[in-house]
Amino acid sequence: MTLQNMESVEVFTTEGKGRGLKAAKELLAGEVVFAEPSFAAVVFDSLSQQVCHSCFRQQQKLHRCGQCRFAQYCDRTCQRACWEEHKQECAAIRTYGKAPNENVRLAARILWRMQKDGGVASDAQLTTLEELEDHVADMPEEDLKELKIDVHNFLDYWPRGGRQYPVDSISHIIGVINCNGFTLSDQRGLQAVGVGIFPNLCLVNHDCWPNCTVILNHGNQTAVNTFCHSQRRIELRALEKIPEGQELTVGYVDFLNVSTDRQKLLKHQYFFDCACDHCTHRTKDDLMTAAKEVDGQKPSEEVVKEVTEYSLKTLEQIEKSRTEGNYHEVVKLSRECLEKQEPVLGDTHLHHLRVLSVLSEVLSYLQYFEEAAGYARRMVEGYMKLYHPNNAQLGMATMRAGVTHWHAGLIEVGHSMICKAYAILLVTHGPSHAITKDLEAMRMQTEMELRMFRQNEYVYHTMREAALKNQPMSMMAEPVVEGIKSLFRKK
């Protein structure tokens, strides 16, 4: 089955998984398999005052809708672009007296869109929302209670004079959101800011070692007459060469979990038992739980267990301190934890990598760049043994490590890491994405500095120190609790 603008894919039925998509032709690494605008999308409740409700960019100063006083926009351009989508929502919020939660807001936007365009908004849409799985029957009691509350709030919010929907229809839409809502990022792809529904993307099945990835392309912000659905466009991109007829897959969860933990998470959130090759054969589980080996000798199982339990407990304390912004306590706890881990845990052990990641990020923020660079380099070396070579998380981690080395004055390693990150993100994000453009600028700058360094190290460092005195190093971005690692939104 091929449709307009979807000539690279075919819908087929997979054994034990239902419908899926497969390649209708050979695809190359970095190739855009298909692009899809959102059917509907909303900003997260927690960021509704910080993110534009049209283009989903984070901005310092936003302009509030003068009628509902809830929706926020970059400027008049974004507000006009989103009015077709917002006008019914605007009236509903004014009547209801407040904005409901993101699930209810998104469900309402979906139903308004379906009233306007039907279940299929374009010839390129391969499925209707009615056909998507809601898994309401599979939900545990706790989740069913939350769903019933959302349905109740939806009925209070939905305009009395509009078309009325039965409870089962509303439950189905909210169930689809819970199972298929795609996490939308900000303009640089570094923070999750909203959730949207992309029907064609919902047909792509999961694999823990996928052959595709998904990124959000924010489109052209300057197009005044562009309806804002097109500004929220996802791209499914091939991570490797994919032969014709092979199933297209994406990773619903981050690979850096042992197979049993990934399977539990996928079962809880998406209601299926993952039987991919990496889960079936427990691929790389041994590396993720590895003990340190010195001259053929490993620590005893009892010692490994003790350090593992200590690491888990300390990581909880580290996360608490980081959430509270107590970064010096984060550094103290992380150093203590590494001291315990290093004689016992392998360099690819998940708990060891987690501490290295947090410590390098926080030290960079505090501008202890040289120390941060050492930890960041070890983290990336571990990631490279675990992740797919074109994994977006690996690319982002390598980029951060490269920038840290650059700030530390370690220009050779910094430039090398930035080049490696750029090569990965060209595949995962493409050359026009904002983060790839940033990396290209960094690559050119560090290449110029590297030439200067190789010509005369003393002159390079003298000029660098003089530049820093005249324009002190700006603060690195404040550490966040967690980056975007899950493709679909968790409830």
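Modeller: Before we look at the cysteines, a disulfide here means a pair of cysteine sulfur atoms within 2.5 Å. This is a predicted model, in which local features need pLDDT of at least 70 and side-chain atom pairs count only at pLDDT 80 or more, while totals for chains, interfaces and linings use all residues. Residues are numbered from 1 along each chain as its sequence is written, and side-chain values use heavy atoms, with hydrogens and water left out.

Biologist: OK, how many disulfides turn up, then?

Modeller: Searching the whole structure gives 0 disulfides.

Biologist: Are C74 and C78 buried or exposed?

Modeller: C74 is buried, at a relative accessible area of 11%, and C78 also counts as buried, at 1% relative accessibility. Buried means under 20% relative accessible area, exposed means over 50%, and partly exposed is in between, using a 1.4 Å probe and protein chains only.

Biologist: Switching topic, how many salt bridges are there?

Modeller: The count comes to 24 salt bridges, where a salt bridge is a side-chain nitrogen of Lys or Arg within 4 Å of a carboxyl oxygen of Asp or Glu. One of them joins E235 to R237, with the closest N and O atoms 2.9 Å apart, and both of these residues are buried.

Biologist: What about E361, which residue does it form a salt bridge with?

Modeller: E361 pairs with R322, and their closest N and O atoms are 3.1 Å apart. E361 lies in helix α10 (residues 350-365) and R322 in helix α8 (residues 301-323), so this pair ties together parts that are 39 residues apart in sequence. Helices (H or I, at least four residues) and strands (E, at least two) are DSSP runs, numbered from the N terminus. At 23% relative accessibility E361 is partly exposed, whereas R322, at 4%, is buried.

Biologist: And where do R378 and E342 lie?

Modeller: Their side chains meet in a salt bridge at 2.6 Å, N to O. R378 is in helix α11 (residues 369-386) and E342 is in the loop between α9 (327-341) and α10, so the pair ties together parts 36 residues apart in sequence. R378 is partly exposed at 29% relative accessibility, and E342 is partly exposed with a relative accessible area of 29%. Elsewhere, salt bridges that share partners join E319, R322, R354 and E361 into one network.

Biologist: Now the helices: at what angle do α12 and α13 cross?

Modeller: The axes of α12 (residues 392-407) and α13 (residues 411-428) come within 8 Å and cross at roughly 155 degrees. Axes are lines fitted to C-alpha atoms, for helices over the stretch in contact, and angles run from 0 to 180 degrees between N-to-C directions. The two helices are therefore roughly antiparallel to each other, a label for angles over 145 degrees, with under 35 being roughly parallel, 65 to 115 roughly perpendicular and the rest oblique.

Biologist: Which residues make the contact?

Modeller: Among them are L394, M399 and W406 of α12 and V413, M417 and L425 of α13, contact meaning heavy atoms within 4.5 Å.
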